[in-house]
Amino acid sequence: MSDLEDPHQPAFTVHLNGSGAPIKGWVVVDTLVDGLAMGGTRMTTAVSEEEVAGLARDMTEKFTLAGLRIGGAKAGIVATDTNADGANREQTFRTFGRTVKPLLHGGIHLGIDMGVTPADRAVFFDEAGYDPRYRLGAPDMPIDWRTYYEPLIDCTGHGVGVAALTALEAGGRTEPAKVAIQGFGAVGRAVARFLEERGHVIVAVADVQGTISADRLPVADLVAITDEFGRIDHSRLPQHVTVSRESDAWLDVDADLLVLAAQKYALNAENAHRLRARVVVEGANLASSAEAKEKVAAQGTVLVPGVIANIGGAGSAALAVTRVVPFDLGAEARKQWVFDWVADRVRLNTRDLLEIAAARPGNPLPELLAARRQELHR
Ligand SMILES: NC(=O)c1ccc[n+]([C@@H]2O[C@H](COP(=O)([O-])OP(=O)(O)OC[C@H]3O[C@@H](n4cnc5c(N)ncnc54)[C@H](O)[C@@H]3O)[C@@H](O)[C@H]2O)c1
């Protein structure tokens, strides 16, 4: 079988026990393309091999759909009471760096994901002596990773916004849409700004504390009172907004479009019946469960999955690892190039997915994935 086909087993799974000190975790390489794979590293108390494998599979699907010649991978480290704080945290990432050193140098690029910060990444890259600018057989990157990647923080939200516009347009909508956004972190805030700038009306945003709604929420004012973790300061809310602390109240809002930009399985079998929006876009990974997707489709609601909509972060990293980015462009032009590249892929995939969905019953994603796999073969 070719390495671009769809194996149901990962190419390989590495169990991490630590080098020099103990850690517990996994690196799952779901697929390899030209000997390359990449994905983020997450550190949570509950992370499991199964979760890491599911996320690595998701990465494969994202890159296949985006037409990028790189396989999907993911790493997970189990956080404990002692390994995640202060000096112990640095030790954890030094141990991680020593343990995954042969993988990093062997074409498995590991970035950041939930629970892992850019500072943690700097520690494990340093311990492994790994700099993604240099790889045997590939041209050097002329700029360092942070110079490339940090200006692209809003790229995921940009792509999610493009998916939303494409789905609204495909539904024949010409009026401004009423939009609810679950999650007001890096992704949720960028989507809110993107859609407001294009004339849509944000009627609800939710963070971990609850749902804030109004006929028209002032996005810039809300962004100004939100911290780096996406927590909105409720003591400084604008006037004339309603706050609900009821669980998942973002589902009950009268909205045309719902963007899911918070946690896994936010939309699930238990709450899907409350959904009012006719278009749902997943900004988060695995934002809706399989049962919820079925229920939503049965209602005639359009759902654009995260593997299509939220490729901005992973896709822009992969564009650099595979050296597709025109690095000779100046900083602003390079950023625009990456944003446009992501927008084009998201638009194309969203349109094609909706076309398949309109033509045949059932989940349209496997057919689209098969078509994109064939294109990568050519
Ligand atoms: N940042 C990226 O480029 C990127 C790319 C792809 C996927 N993702 C995924 O998208 C999701 C959002 O990413 P982010 O970077 O914006 O995260 P973030 O941590 O910056 O923000 C998360 C937001 O979700 C809110 N939230 C958490 N639990 C909630 C709940 N139960 N109900 C309502 N709100 C809740 C938080 O309060 C916060 O506002 C994450 O799952 C992330 O893994 C992020």
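The centres of domain 1 and domain 2, taken over C-alpha atoms, are separated by 27 Å. The contact takes 9 residues from domain 1 and 13 residues from domain 2, where contact means C-beta atoms, placed from the backbone, within 7 Å. This is a predicted model: local features need pLDDT of at least 70, side-chain atom pairs count only at pLDDT 80 or more, and totals for chains, interfaces and linings use all residues. Residues are numbered from 1 along each chain as its sequence is written.

Domain 1 covers 12–130 and domain 2 covers 155–312 + 341–377; the bounds come from an automatic or database domain assignment.

The largest nonpolar core has 111 residues, and Ala164 and Val259 have the most contacts inside it. Such a core is a set of buried Ala, Val, Leu, Ile, Met, Phe, Trp, Tyr and Cys residues joined through C-beta atoms within 7 Å; buried means 20 or more other C-beta atoms within 10 Å of the residue's own. Ala164 touches Leu195, Leu257, Val259, Val279 and Val281, leaving out residues up to four places away in sequence.

The ligand has 24 residues around it; Gly183, Gly185, Gly230, Ala262 and Gly313 come nearest. A residue counts here if its C-beta atom, placed from the backbone, lies within 6 Å.

The table gives the classes in this shell.

| Class | Residues around the ligand |
|---|---|
| Nonpolar | 10 residues |
| Polar | 12 residues |

Asp, Glu, Lys and Arg count as charged, Ala, Val, Leu, Ile, Met, Phe, Trp, Tyr, Cys and Pro as nonpolar, and the others, Gly among them, as polar.

Notes
Buried ≥ 20, exposed ≤ 12 C-beta atoms within 10 Å, placed from the backbone. Contact = placed C-beta atoms within 7 Å.
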